[in-house]
Amino acid sequence: MAEMEFRKALNLALDEELARDPNVFIIGEEVAEYDGAYKVTKGLLAKYGPQRVVDAPISESGFCGLGVGAAMAGMRPVVEFMTFSFSLVAMDQILNNAAKVRYMSGGQVRIPITMRGPSGVVHQLGATHSNATESIFAHVPGLKVVACSTPENAKGLLKSAIRDDDPVIFLESELLYALKGDVPDDPDYLLPLHKGRIAREGEEVTIVAYSKRVHQALAAADILAREGIKAEVVDLVSLRPLDQDII
């Protein structure tokens, strides 16, 4: 175990998966020369080179489509959207291609693509950068949708997403990138994509949340505890498929 920032846990997951599997590559805007808009890909270009950490032009539909095609050909692309608000430009590639090719091919073609980046409210970046897109993707058959909340599950879930044979929408909160926590150093530390977790035990009321809202729910549970109310906090983790059992 080592304490590290949320962004560093994501960086570690990417580093380990790039080292483990030569079919993994990263593509997106400013992921290489600039080390990532939020420094999640820091140092990876120097370590793995421009063929595996690829700066893309400002064309989400283009580089997301490239990722879908590469996944169909057997690669494991990690497509970074600088913000998931920009993924709206690539909706045809995500909804009509990535989500449907496996079904339309009768299971003959896999789409092992991970699409990751910050989603939701941010500070001082305006409405065009602040869409909470999970409500869209969670309603699309063929996609898996994950929202991480801690450095530990950020690492374990991202590694599982990259190894998964289906398209995964991997949602991060920009407001959590500086959050610190303990992260396992096991290069094979994986967490299931379809399971929620109990973030706090409780008996009298349950608060269900995901991503940054988990921490707000935990703060609310602390307030309730001072009033003698034991609140359970459920971290959904998976938004599609939804873990009905834990709810």
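Which backbone oxygen lies 2.6 Å from a polar atom of the side chain of K159? The backbone oxygen of P187 does.

## About the model

This is a predicted model, in which local features need pLDDT of at least 70 and side-chain atom pairs count only at pLDDT 80 or more, while totals for chains, interfaces and linings use all residues. Residues are numbered from 1 along each chain as its sequence is written, and side-chain values use heavy atoms, with hydrogens and water left out.

## Around K159

Let us stay with K159, which lies in helix α7 (residues 151–163); helices here are DSSP runs of H or I with at least four residues, strands are runs of E with at least two, and both are numbered from the N terminus. K159 is buried, with a relative accessible area of 0%. Buried means under 20% relative accessible area, exposed over 50%, and partly exposed in between, using a 1.4 Å probe and protein chains only.

K159 forms a salt bridge with E17, the closest N and O atoms being 2.6 Å apart. A salt bridge is a side-chain nitrogen of Lys or Arg within 4 Å of a carboxyl oxygen of Asp or Glu. Because E17 lies in helix α1 and K159 in helix α7, the pair ties together parts that are 142 residues apart in sequence. E17 is buried too, like K159.

## Other salt bridges

In total, the structure holds 19 salt bridges. One of them joins the side chains of D15 and K47, at 3.0 Å from N to O. D15 lies in helix α1 (residues 6–20) and K47 in helix α2 (residues 44–48), so this pair links parts that are 32 residues apart in sequence. D15 is buried, at 16% relative accessible area, whereas K47 is exposed, at 54%.

The side chains of D21 and R76 also meet in a salt bridge, at 3.9 Å from N to O. D21 sits in the loop between α1 and β2, and R76 in strand β4 (residues 76–80), 55 residues apart.

## The nonpolar core

Now for the core: the largest nonpolar core has 30 residues, and those with the most contacts inside it include F81, I94 and L143. Such a core is a set of buried Ala, Val, Leu, Ile, Met, Phe, Trp, Tyr and Cys residues joined through side-chain atoms within 4.5 Å. Helix α3 gives the most to this core, with five residues.

Not counting residues up to four places away in sequence, L143 touches I94, A99, F137, P167, I169 and R240; contact means heavy atoms within 4.5 Å.

Note on methods:
Polar contact = N/O pair within 3.5 Å; in protein donor to acceptor, adjacent residues only side chain to side chain.
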